[in-house]
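Work through the exercises below with the sequence and the 3D view side by side, and try each task before you read its solution.

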Amino acid sequence: MTAQPEQDTDLSALEELLAQQDEPQLSPDEFKTVFRNHPAGVAVVALRHEGRPVGFTATSVISVSAAPPLLAFSLASASSSWPAVSAARTLTVSFLAAGQDDISGRFATSGIDRFADGGWTALPTGEPVIDGAVSWFRARVVQRTPVGDSYLVSLRALESSLTRTGGEPVAAPLVYKNRAYHRIGDDTAV
């Protein structure tokens, strides 16, 4: 007779997780509708890949931690920029100013040279930053985490620039909500 190994594993946590995965969930359209109505700052993420600049518009940039200084953004795995981001060691995140909706549109357009019309400057380290942006970070990629059909890209901030006049940012930020750009100014403060 062969002895059976004792089952010490508590499967209740796993069973609960699987049951939660069987719960009804939002459709992609319902999910997108909620986030379309949530305003987001607009940024251009840019880097150098195989000797050329690569960049895209992102509204998913978030602050993660001040100590250490971490930020993150998400990028669809099907994005034309994903191969460059998957290999990048460093990149920049330029937070666009209120008058830069044309730049946001350009960097959101597929199949074009997003850098051909200018409006950017390469840092001494090679990464592009958008001219006239409210601010920017140069950051090191610390983690690329697959989440659903996207990647959450975590970054450690290495350098930054915030354009100021008299202690205040020079320009208001560009905001995106419900498929339209918006400007925030002092007159919109509550």
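A residue is called buried when its relative accessible area is under 20%, exposed when it is over 50%, and partly exposed in between, as found with a 1.4 Å probe and protein chains only. The model is a predicted one, in which local features need pLDDT of at least 70 and side-chain atom pairs count only at pLDDT 80 or more, while totals for chains, interfaces and linings use all residues. Residues are numbered from 1 along each chain as its sequence is written, and side-chain values use heavy atoms, with hydrogens and water left out.

**Exercise 1. Describe the protein chain as a whole, and state how far the prediction can be read.**

Begin with the elements: the protein chain holds 4 helices and 14 strands, where helices (H or I, at least four residues) and strands (E, at least two) are DSSP runs numbered from the N terminus. Next, take the burial: 31% of the 190 residues count as buried. Then turn to pLDDT, the predictor's confidence in each residue from 0 to 100, which averages 89 over the protein chain, with 87% of the residues at 70 or above. Residues 1-8, however, have a pLDDT below 50, and beyond near neighbours in sequence this stretch makes 0 contacts in the model, a contact being heavy atoms within 4.5 Å. Where pLDDT is low, the predicted coordinates should not be read in detail.

**Exercise 2. Decide whether valine 34 and alanine 43 are buried or exposed.**

Locate valine 34 in helix H2, which covers residues 28-36; valine 34 counts as exposed because its relative accessibility is 53%. Alanine 43 belongs to strand E2, residues 43-49, and counts as buried because its relative accessibility is 1%. Now look at what surrounds alanine 43: leaving aside residues up to four places away in sequence, alanine 43 touches Phe56, Thr57, Ala58, Val61, Val93, Ser94, Phe95 and Leu96. For serine 94, the C-alpha to C-alpha distance from alanine 43 is 5.3 Å, although the two are 51 residues apart in sequence.

**Exercise 3. Find which side chain joins that of threonine 90 in a polar contact of 2.5 Å.**

First place threonine 90 in strand E6, residues 90-95, and note that threonine 90 counts as buried because its relative accessibility is 15%. Setting aside residues up to four places away in sequence, the residues that threonine 90 touches include Leu47, Glu127 and Arg138. The partner is glutamate 127, whose side chain lies in a polar contact of 2.5 Å with that of threonine 90; such a contact is a pair of N or O atoms within 3.5 Å, where, within protein, one must be able to donate a hydrogen and the other to accept it, and residues adjacent in sequence count only if both atoms are side-chain atoms.
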